[in-house]
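Subject: Structure handover

Hello,

Here is the structure I said I would pass on.

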Amino acid sequence: MTEWTRLPDLPTDKDYDGEVFSPIYTTTVTVSGGTASHGRASGKARSGDGILDLDLRMPAELGGDGQGTNPEQLFAAGFAACFHGALSLVARQAALDPTAIRVEATVAFGRDPEDGGYLLHVDLAIKWPDVDPVVATPLVEKADSLCPYTKMALRGTPTSIRLAS
C-alpha cells in the first residue's frame, strides 16, 4: 500500500522582495574518493543526514565500469524532480490533475568548444497526456520561471569554492 505524502506548502507567486538570497533549506553532501581516490570513478556520496548514501561510478561510455550512479544521473534526477514539482503546483492552481505529468531529463556530458574542457547540456521533455498543449504550454512556461534548476541553468548559480581545514 502506498502511503500518502503531504504536498509542499510553498507559494508559486513571487512574494519575496528582499535584497539578498534567503535560504529556506540547505543540505550538504560529501564525496570521498574510494579505491581509486577519484570521487567520480570510485567515490562515495553521503548526505549529512545519511539518507543519501551511494556509490559513484564512471559510466561505461566514459571508461568506467558503469556499476554505480554517476553525477549526470543525479543532476538529471534533481532537475526532473524540481521541474515536476513546479509544474505540479501550477497545474493544481489551474484546477488540473498533475498525476499523469512525467518529466524526462536528459543530461549530456561533453566537450566545450569554447575552452576545450567539459560541459553539460540538458533537455527536458514534458509528457502530459490528455491535456491540450494550448492549456499546458503557459503552465510549463510558468513552471520554468519558478523552478530553481532552470533558473540555475539560465542564470548560473553563485558558487564559492574554498579550501576548508
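A pocket here is an open set of points on a 1 Å grid over the protein atoms alone, where a 1.4 Å probe fits, with protein on both sides within 12 Å along at least five of seven lines; lining residues have an atom within 4 Å of a point.

This is a predicted model, in which local features need pLDDT of at least 70 and side-chain atom pairs count only at pLDDT 80 or more, while totals for chains, interfaces and linings use all residues. Residues are numbered from 1 along each chain as its sequence is written, and side-chain values use heavy atoms, with hydrogens and water left out.

The pockets

The largest pocket holds about 2,400 Å³ of space, a volume being the space filled by probe spheres set on grid points joined across faces, edges and corners. At least two lining residues come from each of β1 (29–32), α2 (71–93), α3 (133–146) and α4 (148–155); α2 gives the most, eight. Helices (H or I, at least four residues) and strands (E, at least two) are DSSP runs, numbered from the N terminus. By class, the lining has 27 nonpolar, nine polar and six charged residues. Nonpolar covers Ala, Val, Leu, Ile, Met, Phe, Trp, Tyr, Cys and Pro; charged covers Asp, Glu, Lys and Arg; the others, Gly among them, are polar.

The second largest pocket has about 230 Å³ of space. Its lining is made of 14 residues, with Phe79, Val122, Thr150, Ala153 and Leu154 nearest the centre. β5 gives the most to this lining, five residues.

The salt bridges

There are five salt bridges in the structure, each a side-chain nitrogen of Lys or Arg within 4 Å of a carboxyl oxygen of Asp or Glu. One of them joins arginine 40 to glutamate 72, with the closest N and O atoms 2.9 Å apart. Arginine 40 is in helix α1 (residues 39–42) and glutamate 72 in helix α2, so this pair ties together parts 32 residues apart in sequence. Both residues are buried (under 20% relative accessible area; exposed is over 50%, partly exposed in between; 1.4 Å probe, protein chains only).

Another salt bridge pairs aspartate 53 with lysine 44, at 3.3 Å from N to O. Lysine 44 is partly exposed, at 34%. Lys44 and Asp53 also belong to a salt-bridge network with Arg46 and Asp55.

Regards
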